[in-house]
Amino acid sequence: MPATILLINAHIATMNDERREIPGGWVRISGNRIEALGEKNDDPGSADEIIDLTGHVLIPGLVNTHHHMFQTLTRAVPAAQDASLFGWLKALYPIWARLTPDMVRVSTRTAMAELLLSGCTTTSDHLYLFPNGSTLDDQIEAADTMGMRFHAARGAMSVGESKGGLPPDSLVEDEASILRDIQKRIERWHDPSRYAMRRVVVAPCSPFSVSTDLMREAAHLARATGTTLHTHLAENDSDVDYSREVFGRTPAEYAGDLGWVGPDVWHAHCVKLDPDGIARFGATRTGIAHCPCSNMRLGSGIAPVQTMQSAGIRVGLGVDGSASNDSSHMLAEARQAMLLARVRTAFESDPQTRQFMTARETLAMATRGGAATLGRDDIGFLAPDMAADLVAFDISGLDHAGAQSDPVAALLFCTPGRTALTMVNGRIVVRQGELLCTDERHLTETHNRLARTLLTG
């Protein structure tokens, strides 16, 4: 018999279809799945371990749909602090060219530690450069030590400066080699089963760093192997201008012509997606990773998230790279998404009909929205037979004083903090706010040492 864990006395926000909330409720976990949940007066039965969550809000694990974990090594680099997207990339490409396998491994663990402590249980990561012998295996093996549910997006860049692309030629790869390597990683690592802890994603980097041939062939490969597709799209005005000038099409037209639309595709950012593009993505159930902090940090703009959702687009949240955020805190990202949506609404809507994004709508985007964006039906809300991915936040302290009238909204309106409990696939990886999967202090010291080496060359 699998081990059973009983979480009791929590204010539960299930995020299920009815958005059921259970004050003082309980959740029973058996092995890696939720067995049952109920109200305070229901009998939950016995369990191998009982955890009292009085004063806590219990929610589904948050889902991060876009990240570049290697960038935790280059946070707040002076040369890139005040640049928009293209200038920011040009400042950082020469630094990233010095990445080593050790740096990929340690930055993955650092980013995942931060995500787990902020309530995130499932993450994607878009690793799109592999200098000095680095491979996707380095990242996946490091991720396994953290116990996090992981969608590893094997990115690539193939069009360097000499061919009109943005990255330096030293960071691009041969396209035939890229496709062979992606196939190899899928065969080795991809798990399509329910409750899978590891999946591989086909993910050429962006329209300004890969060819149309690679985009088209990547789509064929993903569909032949039953995997999903991810890239950057329409991030800012320069991105749109590049697409029009080089391809003679809008980003959405370009994506559609190359097969990059559908329920197996999601694009990062789409801040500048035009109305026709929104309609096209909605009709095809294409997904979008909304990255509000990065979009503000780089001055890209405010994505029309509510319009996208109304059109039928699957929208999840992403922290994006930690050199353009500069954080991997998922609850903080959700808070920022809610507030930024309100700024856009305030500027663009009639005050008499204005509909602000609510805390619960934002939480839905950060949980079940992210799950849908990644193509998962086993995470994102709490119900029997769903994966046992749950997080609990203690709201009994100073940061939430006076917010007890609405515990769920308090998570978004008040200061985002660490989780008290993080459980992934039935395994507790954060308890009482402390990581169990790694030594946080030693990891930080190692990470900072490698970051200094990377920056100084």
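## Strand β8

Eight of the eight residues of β8 are buried, so the strand is largely enclosed by the rest of the structure. Buried means under 20% relative accessible area, exposed over 50%, and partly exposed in between, with a 1.4 Å probe and protein chains only. The strand covers residues 149-156. Strands (E, at least two residues) and helices (H or I, at least four) are DSSP runs, numbered from the N terminus.

This is a predicted model: local features need pLDDT of at least 70, side-chain atom pairs count only at pLDDT 80 or more, and totals for chains, interfaces and linings use all residues. Residues are numbered from 1 along each chain as its sequence is written, and side-chain values use heavy atoms, with hydrogens and water left out.

The residues of β8 point two ways. R149, H151, A153 and G155 point one way. F150, A152, R154 and A156 point the other way. All of these residues are buried.

## From β6 through β7 to β8

Strand β7 spans residues 120-127. Eight of the eight residues of β7 are buried, so β7 too is largely enclosed by the rest of the structure. Strand β6 runs parallel to β7, joined by three bridges. Two strands pair if DSSP finds at least two bridges between them. N64 has T123 in β7 as its bridge partner.

β7 and β8 also run parallel, with six bridges between them. T122 is partnered by R149 in β8. L127 is partnered by R154 in β8. Between these two strands, the chain passes through helix α3 (residues 136-146), and this β-α-β crossover is right-handed. Right-handed means that, with the strands pointing away from the viewer, the path from the first strand over the helix to the second runs clockwise.

Strand β9 (residues 198-204) is mostly covered, with six of its seven residues buried. β8 and β9 pair in the parallel sense over seven bridges. F150 stands opposite R198 in β9. G155 has A203 in β9 as its bridge partner.

β9 is joined in turn to strand β10 (residues 228-233) by two bridges, and the two run parallel. V201 stands opposite T228 in β10. The chain gets from β9 to β10 through helix α5 (residues 212-225), in a right-handed β-α-β crossover.

## Helix α6 and S243

S243 lies in helix α6 (residues 237-247). At 3% relative accessibility, S243 counts as buried. The side chain of S243 reaches the backbone oxygen of R249 at 2.8 Å. A polar contact is a pair of N or O atoms within 3.5 Å; within protein, one must be able to donate a hydrogen and the other to accept it, and residues adjacent in sequence count only if both atoms are side-chain atoms.

Leaving aside neighbours within four places in sequence, S243 is in contact (heavy atoms within 4.5 Å) with G248, R249, T250, P251 and Y254.

## Aromatic pairs

The structure holds eight aromatic pairs. F70 and W96 form an edge-to-face pair, 5.1 Å centre to centre and with 90° between the planes. This pair links distant parts of the chain, 26 residues apart. F70 sits in the loop between β6 (62-64) and α1 (85-96), and W96 sits in helix α1. Both F70 and W96 are buried. The rings of F247 and Y254 have their centres 4.1 Å apart and their planes at 20°, so this pair is stacked. F247 and Y254 are both buried.

Rings of Phe, Tyr and Trp (its six-membered ring) pair if their centres lie within 6.5 Å; planes under 30 degrees apart count as stacked, over 60 as edge-to-face and the rest as tilted. One aromatic cluster is formed by F70, W88, Y93, W96 and Y128.

## Cysteines

A search of the whole structure finds zero disulfides. A disulfide is a pair of cysteine sulfur atoms within 2.5 Å. C205 is buried, with a relative accessible area of 4%.

For C414, the closest cysteine sulfur is in C293, at 17 Å, again too far for a bond. C414 is buried, with a relative accessible area of 16%.
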